[in-house]
Structures are given as structure tokens and as C-alpha cells.
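Let's take a walk through this fold, one piece of packing at a time. Have the structure open as you read.

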Amino acid sequence: MTTSSNKIDTLHAVLDGLMRRYRERVPDVSGIIDAMIDEEIIDSADEIENDHIAFRTMGVPNLGIASFEKIFTHYGYQKRDAYNFTEKKLSAYWYAPPVGTENLPRIFVSELRVHELSEQAQQIIHKYTDRVTSDPVDALDLDDAVAVDAFLHQPLWEMPTVEDYQTLLAESEYAAWVIYNRYYLNHFTISVHNLEPGYNTIDEFVEFLKSREFKLNSAGGVIKISPDGGLRQASTVAQMIDAEFANGQTLRIAGSYVEFADRRVLPEFAGLPASQIGRQHRREGFEAGNADKIFESTFTTQTGR
Ligand code: OOG
Ligand code: NI
């Protein structure tokens, strides 16, 4: 079944709103697009295919993936594979775009398993999230793009204190990121395999990014490669934002980053002419081993380098 065109229009408006806030918060987005135009890789930003976008959530009652995913499944996104990150205490799923809109981004949504944290960290998180006593997505009119856009960018809980942020940071960098950044877009992803020859492999694109002095996440090596070789990813280190906390205190903390994905053509389609290759012919989904290191794009081990 295809999703109604009204829903697709609403989805486009919601995605546009997310990208607009994201571009404002992450100067590397315009920096990379401008460098690509300057290098004559593209003529305009519209030529970039957005491979996927990602969100982070708190796994507590009324929030987390179970709540957040309802927004995008409403527009026809389909839930696919699950991923587990034992050390980081995270769970995640990816969602395929609505049938008939195959050029829209996939969505990757992760969730912190809050109950696995220390008593102290759980108490801090619940101090904020316990004010959410019913699922806020249930109260949203998902056909109203303005309302959904406002929801994704509004505070879900009280402004955190610097002290609480720092206590969480010491135990879970992900927890600290979500308590401040909430549902702001965590990253968008440039599909490098659809760029012109010379820039259409992750190795070539990373060389270009390095030549332009973008700071890249080095956790586990700059280029993360799935065991099957089909999914190759890299990302920038998150940009710092001057964050305002409770009681007027401020702190420079990690905001969002940019990712790059190279999805190789599957072996069974190796003979297809380049002009006929579409998404369905390339490596799909995600890879836990790659993702585990990409999460660290916002961690102090990377931002402090
Ligand atoms: C998501 C990290 C994983 C990918 O493409 O595997 C990821 C995050 O940092 O929230 O983006
Ligand atoms: Ni990603």
C-alpha cells in the first residue's frame, strides 16, 4: 500500500524543518556543501542524496523508540532491523522510507536503556523525564506539519543543570547528549556512491574532506567497514554549541555532526550498467560495528581531540 500524497507532503515539510534547524546548528553542513560546490563535485545542494538521518531517545516510559517511531511510521516509514550496543547500553532500529519515495532518507533511531545505568544516573534522568506522564506523540496531530515541527524542537522537560549534565556525561555521553539536545537531528548523511567518479568512494571522499580540513571521527579508524565490505562510513566530529543551562549557566557541549556513506553494489548486481543502479541494488541497512564507533562522533574522546 502506498502512503497518501498528503502524508508525503507533510513528511517533506517535517524533514525540511529538521534540516533547517540542523544547518543552523552545524556549520560543517554548509561548509561541506560549499566545499563540494567549490570543488565542482556538485552544482547545488539539491544534488546530494541524503542516505539517512538519525535521532536519539531516552528509554523511559512514554518516551524512547516506542513513542518516537510513531511520528515516522505515520508517514509510512517501515521498521526494519534491530541493533544492540551492549557497552553503550543502547538499542536501535532503522526505518525504510514509504513505498514510492525511495529517495527519501532512511531513519536510524536509538534509545538509551536507562534502567541499566547507575542509580544516580537513573535518578537524574527521571528527575527530568518523569514530568512526561503520557506519551506526547499520542497528543500530537501528525497530519499538522507545523505542530510536528514544533514538537521536535521544543523542550520535552526542564532545562538541565550543568551539574546534572556533567554527572551524566561521566557515565554515559549519550545520556548527556540527549538530556540537552533531545530530538534535534543528530546527523544527516551524504551518499557518496552517487557522486561523480573521483569522489564516489568513501576513501576518495575522505581524502577530499581531509584536504579541506574537516575534522573526522577517528574512533576505530576514520573509515568504518562492515564485515561484508558493502557498507563503508565516516563522519565528522560533532560541532560544539554554546549551550544555555538552568540558572543562566552556559557550557560548550557537543551538538550534531555529518556522516558519509558508501553503499556498494551487491555481488548479484555487479554486472548492471551504472546508469541502471538504484538503491535496491546496493547494500541496505546498517552495521552494529560501524554504528558503535559512529556514536562516538559526539563523545568528548573525539570532540576533545
Ligand atoms: C547514531 C550512530 C550510528 C550509523 O549510521 O550507523 C549511525 C548516533 O550517533 O546517534 O549513525
Ligand atoms: Ni548514521
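## Where α6 meets α7

Which residues in α6 meet which residues in α7? On the α6 side they are Tyr165, Leu168, Leu169 and Glu171, and on the α7 side Glu173, Ala175, Ala176, Ile179 and Tyr180. Sorted by class, that contact has 7 nonpolar residues, 2 charged and no polar. Bear in mind that this is a predicted model.

As for the geometry, the axes of α6 and α7 cross at roughly 150° and come within 5 Å.

## α6 against α4

Helix α6 (residues 162–171) also packs with helix α4 (residues 119–129), here at an angle of about 135° and with the axes 10 Å apart. The crossing of the two is left-handed.

From α4, the contact uses Gln120, Ala121 and Ile124; from α6, it uses Asp164, Thr167, Leu168 and Glu171. Those residues split into 3 nonpolar, 2 polar and 2 charged.

In soluble globular proteins, nonpolar side chains tend to be buried together. Here the largest nonpolar core has 57 residues, and the ones with the most contacts inside it are Ile107, Ile125, Leu168, Ala175, Ala176 and Ile179. The biggest contributor is helix α7 (residues 173–181), which gives 7 residues.

Take Ile107 as an example: setting aside neighbours within four places in sequence, Ile107 is in contact with His52, Ile53, Phe72, Tyr77, Trp94 and Tyr95. There's also a second, separate core of 11 residues, with Ile190, Val192, Ala234 and Ala261 among them.

## Helix α3 and its cover

Over in helix α3 (residues 64–74), the buried residues are Gly64, Ser67, Phe68, Glu69, Ile71 and Phe72. Their cover includes the strands β1 (50–58), β2 (78–85), β3 (90–96) and β4 (106–112), along with helix α5 (145–153). Just past the end of α3, Gly76 has a positive phi of about 105°.

## A glycine in a loop

Gly285 sits in the loop between β10 (257–263) and α9 (288–294). Is Gly285 buried or partly exposed? With 15 other C-beta atoms within 10 Å, Gly285 is partly exposed, since being buried would take 20 or more.

Not counting residues up to four places away in sequence, Gly285 touches Arg80, Asp81 and Trp94. The C-alpha atoms of Gly285 and Arg106 are separated by 8.6 Å, though the two residues are 179 residues apart along the chain.

Key: Residues are numbered from 1 along each chain as its sequence is written. Chains are lettered from A and ligands numbered from 1 in the order in which they are written. This is a predicted model: local features need pLDDT of at least 70, side-chain atom pairs count only at pLDDT 80 or more; totals for chains, interfaces and linings use all residues. Axes are lines fitted to C-alpha atoms, for helices over the stretch in contact, and angles run from 0 to 180 degrees between N-to-C directions. Helices (H or I, at least four residues) and strands (E, at least two) are DSSP runs, numbered from the N terminus. A crossing is left-handed if the near helix is turned anticlockwise from the far one by less than a right angle, and right-handed if clockwise. Two residues are in contact if their C-beta atoms, placed from the backbone, lie within 7 Å. Ala, Val, Leu, Ile, Met, Phe, Trp, Tyr, Cys and Pro count as nonpolar, Asp, Glu, Lys and Arg as charged, and the others, Gly among them, as polar. A nonpolar core is a set of buried Ala, Val, Leu, Ile, Met, Phe, Trp, Tyr and Cys residues joined through C-beta atoms within 7 Å. A residue is buried if 20 or more other C-beta atoms lie within 10 Å of its own, exposed if 12 or fewer, and partly exposed in between; C-beta atoms are placed from the backbone.
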